[in-house]
Amino acid sequence: MGSEMTFYENLSQRGVSRRDFLKFCGSTAAVLGLSSTFVPTLASKIAGAAESGLTPAIWATGGKCTGCLESTLQATYPNVADIVLDLLTLNYSAASMATGKYAGEAKKGVYEGDRPFIMIYEGAIMTGLGGNTLVNADKTTSLDDLEHVMHSPNLKAIIAMGQCAVDGGWTRAFPNPAGGMGIKYYLEQEGLDHVPVVNLPGCPASPEELTAVVVQALLLGSDGTLETGIQAVAADLDRLNRPKYLYNATIHDSCPRRGHFENGEFVHRYGSDAEKKNWCVYPMGCKGPQTYRRCPMMRWNDAQSWCVESGGICIGCATWNWVDNNAPFKGRHRRVGANNILPGVWKGGINPIGTAAALTGVVAAALVAHGFGMKAAGRCGKNATLKTEEMKEYDRKRLKKQGGA
Amino acid sequence: MPGKLTKRSTHPFFVFTHWVNAMAMLFLTISGLYIAFPIINGFMGVARGTHFFWMFVLLINIIARIVSMFFIKCACEQGGECVEYDYKNWFPQKTNRHQMWPMIKYYLFFKKDYPITAKYAGLQKLAYWLSIILTFAIAYTGFALWGPTQDWIIFRIGNEIVGSLFGFGGGDGLMAMRLIHHWLMWFILIFTCIHGYLANIYGPSASRLIFLYKDKK
């Protein structure tokens with residue numbers, strides 16, 4: 001997107017009409033919780049930012065499957081979101097550019113340069129074996145890379161893209177030999193938490209979520225630049241460092257099958273008539289009720305469909321430590337973790353329903369046995385060995401003391 | 001439940017609140033189990049409606065019961081003539097003193113005679129207070145899950161703590177809270193089993209009094 005070409009010319013060249021762009025601005029305003037009166041503001045902010053110069057960005061990677069990058073590059077044809085994401089100039093992207101000397105220099109050029117930049121981090125921080133569970137071609141580790149970038153005074157914010165970057169994702173699933181962890185947790189541990197982190201959880205993260213953050217930053221930036229805007233975004237996150245407007249509702253809240261849930265119309269078996277009728281898949285292990293994300297509204301692959309709409313369940317990929325928590329994915333969530341209370345004990349978690357039901361059964365059986373014992377000891381009914389008379393005597397004394405009969 | 005009961009042992013208002021408690025727990029348990037295990041189709045809306053309705057009924061009822069103990073008098077001893085404000089029966093009394101251990105020994109068959117005790121034995125009082133705490137705890141976890149209230153700071157803090165303690169490494173804690181809500185229901189069921197057993201092991205008079213307000217003939 002060169003400065004010699006206007007933003008709208010650039011759109012036109014990529015087959016996107018001005019009408020498409022305004023439609024995109026309308027839907028982005030909706031995601032951001034803004035009214036349609038903000039659409040012209042959004043359009044001018046995006047166009048203005050595109051024409052006033054790009055913000056350098058580093059797309060760094062840790063332990064991951066490249067799914068988040070794949071998700072972002074997924075477009076089968078250029079769409080508006082791609083063009084908005086072009087507001088970031090990805091000077092370095094570990095997974096999508098050719099590796100080697102020039103890639104390293106490009107990255108160095110950003111963090112040693114004099115322009116403010118942001119880092120998009122994809123994947124878990126690999127702390128196992130002193131960081132040697134993820135080694136670069138030049139034998140430096142991913143932790144070394146992070147160290148260099150974090151000490152740059154021009155780093156304005158980190159966008160943790162996807163669940164691995166947020167909390168370690170599947171990379172940190174038990175037994176986690178690679179020591180995978182989320183970037184925010186790692187920075188706090190290393191005392192490098194001076195740079196704000198914006199978490200975009202999910203496996204993978206969605207390009208729409210990244211787009212929404214970029215657009216929000218444009219709106220909030222005091223001088224209309226992404227650099228100041230991204231800091232304003234980071235100042236208004238929820239307690240898990242997520243943009244509030246993106247993660248304030250569960251999948252269940254806006255699921256198109258919610259009506260079937262309320263009506264008690266459930267799928268109990270795949271291949272059944274109930275499934276053909278698109279009834280609610282809650283009994284099949286859907287994690288929608290505890291997963292905060294906007295999949296039903298954003299949908300995937302250019303808003304074609306999403307997990308539940310295509311007949312599956314929500315596996316809760318935007319919840320913390322989702323692999324350990326939610327596996328088996330096609331089963332109901334039945335365990336609570338005990339590792340944080342009793343480290344090393346019950347690593348697979350406790351099934352509170354099973355244990356409590358078993359305990360209730362044991363108590364009921366014990367009471368039955370106790371009842372037989374009470375009967376055998378002659379303590380039941382008329383034979384009860386109760387000291388009624390002594391208690392009555394005590395009562396009479398108290399009544400007398402109170403001045404009664 | 002030792003001793004001969006008289007109508008002074010309770011009060012019609014306590015009979016009423018006991019009925020409401022029993023009904024609320026029954027409906028909350030059945031509807032809650034259906035919400036967790038919707039094994040037959042067609043009742044989720046009804047189950048959720050029932051659950052929310054009886055949840056408010058139970059809370060109002062339990063608060064009314066606690067407040068009323070400061071205004072309603074009933075017998076200090078089972079079968080006794082002396083009446084006092086009911087709250088005195090709920091707190092440790094002179095006749096409870098040094099009776100906890102003998103009571104445990106009695107129920108474990110290490111002691112033959114039933115210890116002299118107040119209207120409610122020490123263990124009984126402990127269990128009743130525990131049941132109130134359990135009810136408020138389950139209500140708290142329920143509100144932490146309920147959409148309209150889960151974002152209130154008092155419930156958000158709870159979800160945060162539960163998420164970090166039980167959520168396999170932090171996060172929202174919503175599912176851990178749901179499982180704890182379910183777990184507490186089982187503890188209330190355990191209390192109910194023990195309560196029902198001990199109330200009836202010496203005969204049906206206690207149940208006749210608290211459910212029918214009928215004295216032993």
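Modeller: A disulfide here is a pair of cysteine sulfur atoms within 2.5 Å. The model is a predicted one.

Colleague: How many disulfides does a search of the whole structure find?
Modeller: The cut-off for a pair of cysteine sulfur atoms is 2.5 Å. With the search run over all chains, the number of disulfides found is 0.

Colleague: Which cysteine sulfur is nearest to that of A:C164, and how far away is it?
Modeller: A:C164 is in no disulfide. Its relative accessible area is 8%, so A:C164 counts as buried. The nearest cysteine sulfur belongs to A:C203, at 5.8 Å.

Colleague: Is strand β5 of chain A mostly covered or mostly uncovered?
Modeller: β5(A) spans residues 155-161. Of its 7 residues, 6 are buried, and the strand is mostly covered.

Colleague: Which residue of β5(A) is the bridge partner of A:F117?
Modeller: Strand β3 of chain A, residues 117-122, runs parallel to β5(A) and is joined to it by 6 bridges. Within β5(A), A:F117 is partnered by A:L155.

Colleague: In β7(A), what is the bridge partner of A:I159?
Modeller: β5(A) also pairs with strand β7 of chain A, residues 197-200. That pairing is parallel and has 4 bridges. The partner of A:I159 in β7(A) is A:V198.

Note on methods
Residues numbered from 1 in each chain as written. Chains lettered and ligands numbered in written order. Predicted model: local features only at pLDDT ≥ 70, side-chain atom pairs only at ≥ 80, totals over all residues. Heavy atoms only, no water. Buried < 20%, exposed > 50% of the residue type's maximum accessible area, 1.4 Å probe, protein only. Helix = DSSP H or I, 4+ residues; strand = E, 2+ residues; numbered from the N terminus. Pairing = 2+ DSSP bridges.
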